[in-house]
Amino acid sequence: MSFIEKTFENRLIGKLAKLPVENLLIEMTNNNYYFPYNIWKKYFDKNSLESGKWISWFATRQAEKISDKTQVCTLKSIIENENTDQEIKRKSYFCLGHLSKNLMDKEIFDYLMDNLESEPDEIQETILIAIRNAEKPNDYNLTPIVSILKNGKMGMKTSAAIALKNSKNPQIENDLLQSFQKEKNKHLQEMIASTLRTVGTNKSIPILENKLMTAKGKDYKYFLESALEEIKKRTNTNANNVYN
């Protein structure tokens, strides 16, 4: 990237960082290129430029960093307004999910869980994506996510499995293992294994090892082996800490 390109990119980032959240939501839906790409784009096939040149891409990255709790009331008002455009509503949930993650705020997380199952699939998936990397202490209510894992459509089950990462509730491991053994979809099993990397204990090891014995496919084996490696490393570290 040239100095000139980087200058305009930084200018856009700085502008987005100063926007009120209601304006940031609008920019998150703005799929125009930023200057100077908005001038150059006519010389390119539309699909030849990276999505990273869109204003919406930068606005979404800014939303991922949101940490101002005073924005919560504004976002809730937008969500609860029946006249709100569906895409703006979805982006509002995205911002709330990242606020919950960045602030480790249980109240915001509970709001998301209270609304999760009543929203359409597209918004449910946005909420699940926004909270996937959040730490989830033992007192967090994860029942709505587990319900989707057990009863949702296949794509939603996958998103739910990933959203259970970093949970401290020991019951979550049981729910994941139950789905892992019940479901036949390999991609879902891969995502469950990925989540077990963060929540699995010795209970998961024999189940994953048994599946690995008959596993086929390089990617599938990778997810199983990676989960086993991380679980064993964590459980050995915990055991050493106890004895020391």
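Two residues are in contact here when they have heavy atoms within 4.5 Å of each other. Keep that in mind for the close-ups below, which all come from a predicted model.

**View 1. Gln 71 sits in a loop and touches residues from other parts of the chain.** You'll find Gln 71 in the loop between helix H4 (55-64) and helix H5 (72-80). Skip its neighbours within four places in sequence, and Gln 71 is in contact with Val 21, Ile 66 and Leu 99. Is Gln 71 buried or exposed? Its relative accessible area is 16%, and the cut-off for buried is under 20%, so Gln 71 counts as buried.

View 2. Zoom out for a moment: the secondary structure comes to 14 helices and 0 strands. Of the 244 residues, 46% count as buried. Look at contacts between residues at least 6 apart in sequence, and 68% of them join residues at least 24 apart.

**View 3. Lys 91 is a buried lysine in helix H6.** Helix H6 covers residues 86-103, and Lys 91 is part of it. With a relative accessible area of 12%, Lys 91 is buried. Which residues does Lys 91 contact, leaving aside its neighbours within four places in sequence? They are Leu 25, Met 28 and Thr 29.

**View 4. Ile 145 belongs to the largest nonpolar core.** That core has 64 residues, and Leu 96 and Ile 145 touch the most other members. In soluble globular proteins, nonpolar side chains tend to be buried together. Ile 145 lies in helix H9, and its relative accessibility is 0%, so Ile 145 counts as buried. Not counting residues up to four places away in sequence, Ile 145 touches Met 113, Leu 116, Leu 128, Ile 131, Ala 160, Ala 163 and Leu 164. Now find Lys 157: Ile 145 and Lys 157 are 12 residues apart in sequence, and their C-alpha atoms are 8.8 Å apart in space.

View 5. Helix H9 runs over residues 143-151, and its buried residues are Pro 144, Ile 145, Val 146, Ile 148 and Leu 149. An α-helix has 3.6 residues a turn, so residues three or four places apart point the same way. What covers the buried residues of H9? The cover includes helix H7 (106-116), helix H8 (121-131), helix H10 (154-163) and helix H11 (170-182).

View 6. Searching the whole structure for cavities of 30 Å³ or more gives 1, and the largest cavity has a volume of about 30 Å³. Its lining is made of Ser 100, Lys 101, Met 104, Phe 109, Ala 134, Glu 135 and Tyr 140. Sorted by class, that's 4 nonpolar, 1 polar and 2 charged residues. Met 104 sits in the loop between H6 and H7 and is partly exposed, with a relative accessible area of 45%.

**View 7. Met 104 and Asn 166 both have a positive phi.** Most residues other than glycine have a negative phi. Met 104 isn't a glycine, yet its phi is near 50 degrees. Asn 166 isn't a glycine either, and its phi is about 65 degrees. Asn 166 is in the loop between H10 and H11, and at 15% relative accessibility it counts as buried.

Notes. Residues are numbered from 1 along each chain as its sequence is written. This is a predicted model: local features need pLDDT of at least 70, side-chain atom pairs count only at pLDDT 80 or more; totals for chains, interfaces and linings use all residues. Side-chain values use heavy atoms; hydrogens and water are left out. A nonpolar core is a set of buried Ala, Val, Leu, Ile, Met, Phe, Trp, Tyr and Cys residues joined through side-chain atoms within 4.5 Å. Buried means under 20% relative accessible area, exposed over 50%, partly exposed in between (1.4 Å probe, protein chains only). Helices (H or I, at least four residues) and strands (E, at least two) are DSSP runs, numbered from the N terminus. On a 1 Å grid over the protein atoms alone, a cavity is a set of points where a 1.4 Å probe fits but cannot get out, and a pocket is an open set with protein on both sides within 12 Å along at least five of seven lines; lining residues have an atom within 4 Å of a point. Grid points are joined across faces, edges and corners, and a volume is the space filled by probe spheres set on the points. Ala, Val, Leu, Ile, Met, Phe, Trp, Tyr, Cys and Pro count as nonpolar, Asp, Glu, Lys and Arg as charged, and the others, Gly among them, as polar.
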